[in-house]
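User: I am new to this structure and would like a close look at one part of it. Please start with the overall form and then go to that part.

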Amino acid sequence: MLDKTLSPASFEQRIYEGWEASGAFGARPDSAAEPFTIMIPPPNVTGSLHIGHALTFTIQDTLVRWRRMQGRDALWQPGTDHAGIATQMVVERLLAGQGVNRREIGREKFVEHVWEWKAQSGGTITRQLRRLGASLDWPRERFTMDAGLSEAVREVFVTLHKQGLIYRDRRLVNWDPKFQTAISDLEVENKEMKGSLWHLRYPVEGEAGRFLVVATTRPETMLGDTAVAVHPDDERFKDLVGKFVILPLTGRRIPVVADEYSDPEKGSGAVKITPAHDFNDFAVGKRHGLGMPSILDADGAIWLDEIEGELREVDGVAEPGFVRGLAGQDRFAARKAIVAELERLELLEKIEPHNNAVPHGDRSGVPIEPRLTLQWYCDAATLAKPAIEAVETGATEFVPKHFENIFFSWMRDIQPWCVSRQLWWGHQIPAWYAPDGSVFVAKTEDEAYAEARAKLGADVTLTRDEDVLDTWFSSALWPFSTLGWPQKTTELEKYYPGDVLVTGWDIIFFWVARMMMMGHHFMGGVPFKTVYIHGLVRDEKGQKMSKSKGNVIDPLELIENFGTDALRFTIASLATPGRDVKLGRKRVEDFRSFGTKLWNAARFCEMNGIAPDASFDPTKVQTPLARWILDAANNAIAEADAALEAYRMDDYANACYRFVWNGFCDWFLEFAKPALNGPEGAEKAEVKGVAQHVLGTILRLLHPVMPYITEELWDRFGYGPEFSLIRTPWPTPVAVPGAEDARAELDWVVKLVTEVRAVRSEMNVAPSVLVPLLLSGASTETLARAGRWIDAIRRLGRATEVRALEGDAPKGVAQVVVDEATVLLPLADVIDLGAERARLLKEKAKSEVEAEKVTAKLSNQDFISRAKPEVVEENRERLAAAQAETARLDAALSRISD
RNA sequence: GGGCGCUUAGCUCAGCGGUAGAGCGCCUCGUUUACACCGAGGAUGCCGGGGGUUCGAAUCCCUCAGCGCCCA
């Protein structure tokens, strides 16, 4: 016997282990079945499951289970990434807690610590994914730092270098002073901040008393100014172009240049140019051949090495001693000191409040610093071209479509990708340097030496590049590196390209775009055919979840309390295309009832001896009830398929919900009760047969989204051996004889019962009062139906009997119109005739309004001539129905008027 | 500044040319032998405003407003 209450905790773990042990998740490279491939977006190896993971992996698992049941050879490739910065940060903090600094212990030791940390915490997320029910092919699990994947990284780096698509360049990067590494544009978040606009007076050379006022949001960078730019058309400064100003504090002589970058409307109209500390200024500097001294070090502190030599004293303007005193000061402290000094020198014109976007490191949270350094770059623009084309031609399609615009906008304006990071945790760049500065890029040290010796002689000593690659560099190779590339494996042959990539819109640039570039370049084709983009999970108020806000919800806690299936079903129901998902504990609690409903329906079946029967043939059923529910099941299967094909998780979940609850439970089981309670015989046998068949269909239909409860019921009922539902074929519609007649018949019964219940409820008739139903104007078919369904109607409509009205209507009846017939409920003792009259008049008014609306339409000549004929015909039928209804209500009214 | 999305029942959201929907919530009734995480019934909408196209607009176009996001 099934327990009275559903307790997911009692079977989830056992079932998952059963599936996993039986190899149900495994891809079958040797099978002839058509593959279905999804690459997992690799979570951070040291991370833990958050609600966003629950969303994306529920969607992926649902798709995978569905396709697997359809007979596809499903590969859901698992794995994790090494998350360079994040992981290094965690381990550094851990060591700091023990009073250890990574620089003290050195690179090798530090990396050992990271591997230890990985060994310790690396299983967390994969364990949690198991709790979510994710049917990943675990034996194929990969890690971006695995030997194989590392080989792929080296291969790609070396190849791209040979092709000139990876190169070293000295240009401005986004420098994170906290982590002391370059980061990519994407890892920078601009935050709107309240700041100031400082107006500084730069004395014009040779014109005593004349100043050029520049406006800046970053006065501390003035130490590195090498020009002042004004707009070429700006009349105010025309005579100054080509002249020089004296840079305060340092005494440097810098030119006034004309450049369109300077906006006459902004600030003072003149802008200081600091090429080594601002991206725009860097461009101006290049255009005008300006010097580019750096004045900040890796910590973001003042650093004078590059300007020390040119400091000179200028009376009332520059004082080398002051500048030297700034050395080593943090950029923000230096700002204060410099502003104060300029004020003292009366070179500060004014300070205006000013809001500006300040770039912050997304991991470190500190303002990033543009810094001139030598880094490795990838020529993203060249790699992007075929990737853009692939989306333009539809080789890869985004779902929903509009996300393609986001992809295009970024890809068409893509900047060189800085791929080197000044970290220790990651793939060390395979580049070696000779003492003379020549660079040897090779897959191994031996190869690098071989090349170096050939070029520079036998006794050359090489030093390897200290830096590692951006984590996304290895993630970009994921769709093929996990399949064994650069080796030519059967997996690579069979599972590349993948079918669909599922991820949130925030990852389009970081990962999707880069996989598209690398996939195309190295595999000669797109890495996946479809990119399904879902929203992000937000709290019930639509706020982004964050630890600092304290509004995060823990998927594991939800699983503990409501079960994995409840969480998954909730997520699926709310996952509307491309929109963010507002999710709270309450939503999961509400949706939990669906699993309970299914459990109880199954329990009812069990109590009535409904059990799997392989000999049952749905195409041979005779009773309208069996035909009707099989037809409804066909419809549910079709809806589920269509929804899943279209990546509409919400539609799929809702179609299942409606069929199970409003079809199977509300009506089928109720209609089945008389037969189930009745004598053994053909009818009862067929009802039981169809019940077990449809319950089995429901379990299969729901399995992708609610894997646990469906497997538990499947096993307990004995539809198959333990843990076999996951491998059971997906249901397909069956040919149902006489479906249309069955639908007409059962729909009529439903309508009759619903109408009778409604009028009883409105007339406040207690359920305990049983009433005969008298049919007036009923066709012989209707009377026959009433006869066939008498037991169900009695039970569901609280009726004593159903028969044709003979002679005059009794006094005091409530009446409802059902198709051509009018149903009379003699309620002389309980009915309020006034209320009944009012009710009938209201009904009549409704049908009259309907008739009027349709009449207006039909009397419009344009409508008759221009609308589609079937629409016109439909409206004619509607009019006839409304008029007939009005007539029957009139008759009903006259019956109760004395 | 450029671009995108959203605005439909109290809440969360489907629908995207042909009779306004779902879930939850709310109100009334209910110990009918699966289920109160239940059953039956009910109420609730100028489909953001304005204009246009069309025989017909929540749905297509324009415009305005508000909210959100992305990129500068």
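Predicted model: local features only at pLDDT ≥ 70, side-chain atom pairs only at ≥ 80, totals over all residues.

What radius of gyration does chain A have, and what value would a compact globule of 898 residues be near?

Analyst: Chain A has a radius of gyration of 38 Å, whereas a compact globule of 898 residues would be near 29 Å. The C-alpha trace spans about 120 × 65 × 55 Å along its principal axes. Chain A contains 29 helices and 29 strands, and 55% of its 898 residues are buried. Among contacts in chain A with a separation of 6 or more, 77% join residues 24 or more positions apart. The accessible surface of the chain comes to about 38300 Å², and carbon and sulfur atoms account for 50% of that area.

Now the part you asked about. RNA strand B is surrounded by 38 residues, of which R579, T596, R648, W661 and R866 are the closest. Of the atoms of RNA strand B that come within 4 Å of the protein, 67% belong to sugar and phosphate. By type, the residues of this surface divide into 21 charged, ten nonpolar and seven polar.

Five helices each supply at least two residues of the surface: α19 (585-607), α21 (649-677), α24 (739-762), α28 (861-866) and α29 (869-896). The most comes from α19, which gives twelve residues.

K597 has a polar side-chain atom 2.8 Å from a phosphate oxygen of RNA strand B.

Y647 is in the loop between α20 (624-645) and α21. Its phi is near 60°, a positive value in a residue other than glycine. Y647 counts as buried because its relative accessibility is 14%, and the cut-off for buried is under 20%. F723 is in the loop between α23 (707-717) and α24. F723 is not a glycine either, yet its phi is positive at about 65°. Its relative accessible area is 15%, so F723 is buried.

Another helix, α27 (residues 833-858), holds A845. At 35% relative accessibility, A845 is partly exposed. The C-alpha atom of A845 is 8.2 Å from that of T886, although 41 residues separate the two along the chain.

A few features elsewhere in the chain complete the picture. H360 sits in strand β13 (residues 348-361) and counts as buried, with 5% relative accessibility. Beyond its neighbours within four places in sequence, H360 is in contact with several residues, among them E187, V188, E189, K191 and M193. Its other contacts include G365, V366, P367 and I368.

The model also has cis peptide bonds. One joins V399 and P400, with omega about -5°, and P400 lies in the loop between β15 (397-399) and α11 (403-411). Another joins Y496 and P497, with omega likewise about -5°. P497 belongs to the loop between α15 (490-495) and β22 (498-504).

Conventions: Residues numbered from 1 in each chain as written. Chains lettered and ligands numbered in written order. Heavy atoms only, no water. Near = heavy atom within 4 Å. Polar contact = N/O pair within 3.5 Å; in protein donor to acceptor, adjacent residues only side chain to side chain. Helix = DSSP H or I, 4+ residues; strand = E, 2+ residues; numbered from the N terminus. Nonpolar A, V, L, I, M, F, W, Y, C, P; charged D, E, K, R; others polar. Rg over C-alpha atoms; globule rule 2.2 N^0.38 Å. Buried < 20%, exposed > 50% of the residue type's maximum accessible area, 1.4 Å probe, protein only. Contact = heavy atoms within 4.5 Å. Areas by Shrake-Rupley, 256 points an atom, 1.4 Å probe, with all protein chains shown as cover.
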